[in-house]
Amino acid sequence: MKMSTLLRVTGALAVSALALTAADHAAAQAKKIKIGFVTTLSGPNAAYGIDMRNSFELALDHMGRKMGGIPVEVIYEDDEQKPEVGKQKTDKLLQRDRVDFMAGYIWSNVLLASYKPVVDSKTFLISANAGPSQLAGEQCNPYFFAASWANEQNPMGVGHLLNQKNVKRLYIVAPNYAAGQDMANGVKATFKGEVVGQDMTRWPDQLDFSAEISKIRATKPDAVYIFFPGRAGVQFYTQYSQANLKKEIPLYSVFTVDGVTLKLQKDLVLDTYFGLFWAPDLPYAANQKFVTDYKKKHKDTPTFYGAQSYDVANLIASAVAATKGNLKDKEGLRKALEAANFDSVRGPMKFNKNHFPIHAIYQQEAYKVSENEYDIRTISKIIDNLEDPSAPKCKM
Amino acid sequence: MTPRFITRSLFFFMTLLLIEQFLNGLQIGLLLFLLAAGLTLVFGIMDLVNLAHGSLYMMGAFFAATLTEWTGSFLLGALLALPATALLGIVVEVIALRNLYTRDHLDHVLATFGLILFFNELARILFGVGGMAIPLPDSLLTHFEVLPGLPYPTYRFLIIVVGLLCAVFLYVLVQKTRLGMLIRAGATNREMVGALGIDIKLLFTLVFGLGAALAALAGLMAAPITTVQIGMGDNILILALVVIVIGGIGSIRGAFIAAVMIGLVDTMGRAFLPNMLGTVLSPADAGTVAEALSSMLIYILMSGVLVLRPAGLFPAPGR
């Protein structure tokens, strides 16, 4: 009994010692760039994480899987759309895998729970989606960049669109979590009319919106504005159409219609309005290359989640190339990242002082390509060079 | 227009809104009842904690979506998905759960949690990560005048009707038939039923199959509203557990009343709390407090019931 215990302990120690020497060995040779990528790879929204991974991989393929001549290794982790899991995975990537860069993060609440240990360890974190106002404002950080947008930006574009469409009375519905609040505040920042009602729904498990839809019907606004990312978007559009409101009260949205949801939303989203900084049909060369090759490889259209991830890879590559692969040169890396010296799929962009992009927002619509095939196209530019409202609060 | 007329029409309008929200709550409650009924049967009679009940709800919805696509008819797809899920339930019971009855609850939790992971992965392999939607036929996309001036979506009304019919069916089955008698006897004293020469194994398998079919009915009725997705049963299972805790383990009547209570409390909270709090708080505070409060209401209700009746509203006798 005692003997076997002793043997087990010895065995365990031997294995961990081996692992340690292996790790030391790898660190000494650091001829590789390690990137940790946290996204959602299981559950109802797994399709987005997979799209992000596909796009990131495609970007690596396009650069010969090397950044500044150094081979790249990416470790993908699944946050299960839960803040506590995202935090755990982040810690694991930082401490066990000792990554050089962190990237990914779909959900604002997951990012807010995870970013602190990353920036505290002076590792650059580049968000491929979430852009919470906290990180754009008071809690902005030299080690944090958003290659996507600030949460309020796209809604601000929709606010302008609502003004252009002469909407006076608006009803807002969004989920009650970090991003939902930002998305509601964003539209209010630019919308000039009156907000006649606002419902914040339980997130992420509320799937039935009958109570909210009944209130909308009773309030009779000129338009409804929603933010329901991922699966919840399909549910809201379905129920709104089933309530026969689509024709009576126009529906405006952000991040609620994308390539994945469109497969289920289909006719439901035709003749509704939304605004976004990117669409698959934007005419820039980088974008056309990305979309064409993605379609070739995956027989599917990428979503904006994918487009942002593609940009993250190219942004990191531009910084690594600028510092000639010297990853210890944090100051140099930061300056190179701030310069945003890469071809973004969204066309012209630059970073604001809070490390969030300044870019254009477009009005878009869904259309029917053929029976059972739908896509998203750009209608017009709503606003150019849009800055987010939290930037002045950032002391950096 | 006289002020009195305005007050009266406002009152009339509020009444209509109240009725509409009542129907919304009833509909959510009855959907929850369909799910909880199967869970409480299995829990009460077989003394099995089946966390994988939510997986059967999901598989039922996926079956219905696939069969609807194949047959081109939602009705046909739904009717075929029920026996298919019942069969799946029976297979799961025979292969995986039968050996667990003598083990303690913690083992049930562990094993059925494993089943959740298994079914989520199976659904991913069989149906893809993208999920599925069940488009409703045009006949169900219409509106139904419940009262003059109060149109209500036909499909949501149908859920209420199906839920009520199902409640009646279960009542008759449990209270008036021989099978129901055995079920009730099994809930009260399993050993005695076995000692009287009833094939308790077969009874359990049947009950589990029935529970699976009820879960499938809930899943496929919810599917056109909430779409079909991997893990769709995981969150709603928590609500179903709350229902059977409030209703009393093993009681169909308790599940019915508790589910409708939860549906109504949840909907009414979401519908009216912000406005009610708005009369005493500033609009911004009222919004924040109302959102937090309305998502807690269900659990506040549960704690309240447990304080007054620790075994739930209608505990099965002999427990």
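Two strands are taken to pair if DSSP finds at least two bridges between them. In the predicted model described here, strand β1 (residues 143–147) of chain B and strand β2 (residues 150–153) of chain B meet this criterion, pairing in the antiparallel sense over four bridges. Within this pair, B:H143 stands opposite B:P153 of β2(B). The hairpin formed by β1(B) and β2(B) has two residues between its strands, and B:G149 adopts a positive phi near 85° there.

Chain B also contains a pair of helices in contact. The axes of α2 (residues 53–71) of chain B and α3 (residues 74–97) of chain B come within 8 Å and cross at roughly 140°. Because of this angle, α2(B) is oblique to α3(B). The crossing of α2(B) and α3(B) is right-handed. On the side of α2(B), the residues that meet α3(B) include B:L56, B:M59, B:F63 and B:L67; among their counterparts in α3(B) are B:F74, B:L80, B:A84 and B:L88. By class, the residues of this contact of α2(B) with α3(B) comprise 12 nonpolar, six polar and no charged.

In chain A, six strands form an open sheet with mixed pairing, in the order β2-β3-β1-β4-β5-β6. Strands β2 (66–67) and β6 (144–146) of chain A stand at the edges, and each has a single partner strand, so one side of each is left without a neighbour in the sheet. Elsewhere in the sheet, strand β1 (residues 33–39) of chain A runs parallel to strand β4 (residues 101–104) of chain A, to which four bridges join it. The bridge partner of A:I35 in β4(A) is A:F101.

The domain assignment divides chain A into domain 1 (30–149 + 279–355) and domain 2 (153–276 + 362–392). The C-alpha centres of domain 1 and domain 2 of chain A lie 26 Å apart. The contact between them takes 27 residues from domain 1 of chain A and 23 residues from domain 2 of chain A. On the side of domain 1, the elements that give two or more residues are α2 (46–62), α4 (108–120) and α5 (133–136) of chain A. This side of domain 1 has 13 nonpolar, 10 polar and four charged residues.

The contact between the chains takes 29 residues from chain A and 29 residues from chain B. On the side of chain A, two or more residues come from each of α2, β8 (194–201), α8 (210–219), α9 (231–242) and α10 (259–265) of chain A. The side of chain A that touches chain B has 12 nonpolar, 10 polar and seven charged residues.

Note on methods: Residues numbered from 1 in each chain as written. Chains lettered and ligands numbered in written order. Predicted model: local features only at pLDDT ≥ 70, side-chain atom pairs only at ≥ 80, totals over all residues. Domains from an automatic or database assignment. Contact = placed C-beta atoms within 7 Å. Nonpolar A, V, L, I, M, F, W, Y, C, P; charged D, E, K, R; others polar. Axes fitted to C-alpha atoms, helices over the stretch in contact; angles between N-to-C directions. Parallel < 35°, antiparallel > 145°, perpendicular 65-115°, else oblique. Left-handed = near helix turned anticlockwise from the far one by under 90°.
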